[in-house]
Amino acid sequence: MATTERKPLLLDFEKPLAELANRIEQIRQLAEENGVDVSSQIRQLEARAMQLREEIFTSLSPSQRLQVARHPRRPSTLDYIQAITDEWMELHGDRCGSDDPALIGGVARLGGQPVVMLGHQKGRDTKDNIARNFGMATPGGYRKAMRLMKHANKFGMPILTFIDTPGALPTVVAERQGAGEAIAYNLREMFSLDVPIICTVIGEGGSGGALGIGVGDRLLMFEHSVYTVITPEACAAILWKDASKAPQAAAVLKMTSQDLKNLGIIDQILPEPVGGAHSDPIKTAQTLKSALLDNLDELGRLTAAERRQLRYEKFRKIGVFTEVSH
């Protein structure tokens, strides 16, 4: 197990970094075997490796950012909750006979303040992913989320949601159980809640599955996360009947954090360590905690009526455009 944890999971565009790291290690080993001092050369190569990593991660294409957002070791909702809260108690069940492991939630204490936290939960390996439906929530999951949000509203606790899903579970059973209705109900009800709501895209935000817990006063997004109406693979399959054109679809979907900030859809981009959130989860969690506390402080100064009105205006502005005639 220890060996598995030490071995990095490399994405395609990270291979030059791995090759350079191997070269540095080989030089270091040869120098030790032959008693030669190559510390100066090693420092130069390590500086070059750091520079190369920065160059790669500051110029990622949309499809490459999607790979980072889907990285198996990217911190999950539970990872962040355990890292940033003082106390945490998970709550279960939608009170209709269902408890969806793909959408978890509960009560917590953040910076000494009671809050309700909920979000999509992916698995760490194949077995865990199957148990959690790869983070794709069932209708029961969204009903559980709304039960917890109404609990928060009743007791005056801010709501913090964490979005990380390719979409809601697309099965016949989910449709029979009212997937569309459950998501639509959440959309309507979240607009009416009195307490502050902060939503954060921590990985992959996909379609209605993301929107079902995505209506808030503030929408934050990690630098290498994505937020889109449809996965690039599905978009390519629909538009071009060719899923291999997913990178082209990723570019035109405008799903990166910077694209969405420019469009006025998200409010704040949270920076990630060079190499992505999974390269330094502790630092990433600290960034998230700081942003949440700052936004909670600002939202706490508003009345419930002011928050509801601003929330309404925020979403009414999405999609507004101006035609310029020539």
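A charge is said to sit over a ring if NZ of Lys or CZ of Arg is within 6 Å of the ring centre and within 35 degrees of the ring normal. K314 meets this rule, for its charged end sits over the ring of F315, 5.8 Å from the centre. The structure is a predicted model, in which local features need pLDDT of at least 70 and side-chain atom pairs count only at pLDDT 80 or more, while totals for chains, interfaces and linings use all residues. Residues are numbered from 1 along each chain as its sequence is written, and side-chain values use heavy atoms, with hydrogens and water left out.

Y80 and F222 are stacked, 5.7 Å centre to centre with 15 degrees between the planes. Because Y80 lies in helix α5 (residues 77-84) and F222 in strand β6, this pair ties together parts that are 142 residues apart in sequence; helices (H or I, at least four residues) and strands (E, at least two) are DSSP runs, numbered from the N terminus. Both Y80 and F222 are buried, where buried means under 20% relative accessible area, exposed over 50% and partly exposed in between (1.4 Å probe, protein chains only). The rings of F191 and F315 have centres 5.3 Å apart and planes at 85 degrees, so that pair is edge-to-face. F191 is partly exposed at 29% relative accessible area, and F315 is partly exposed at 22%.

Terms used. Rings of Phe, Tyr and Trp (its six-membered ring) pair if their centres lie within 6.5 Å; planes under 30 degrees apart count as stacked, over 60 as edge-to-face and the rest as tilted.
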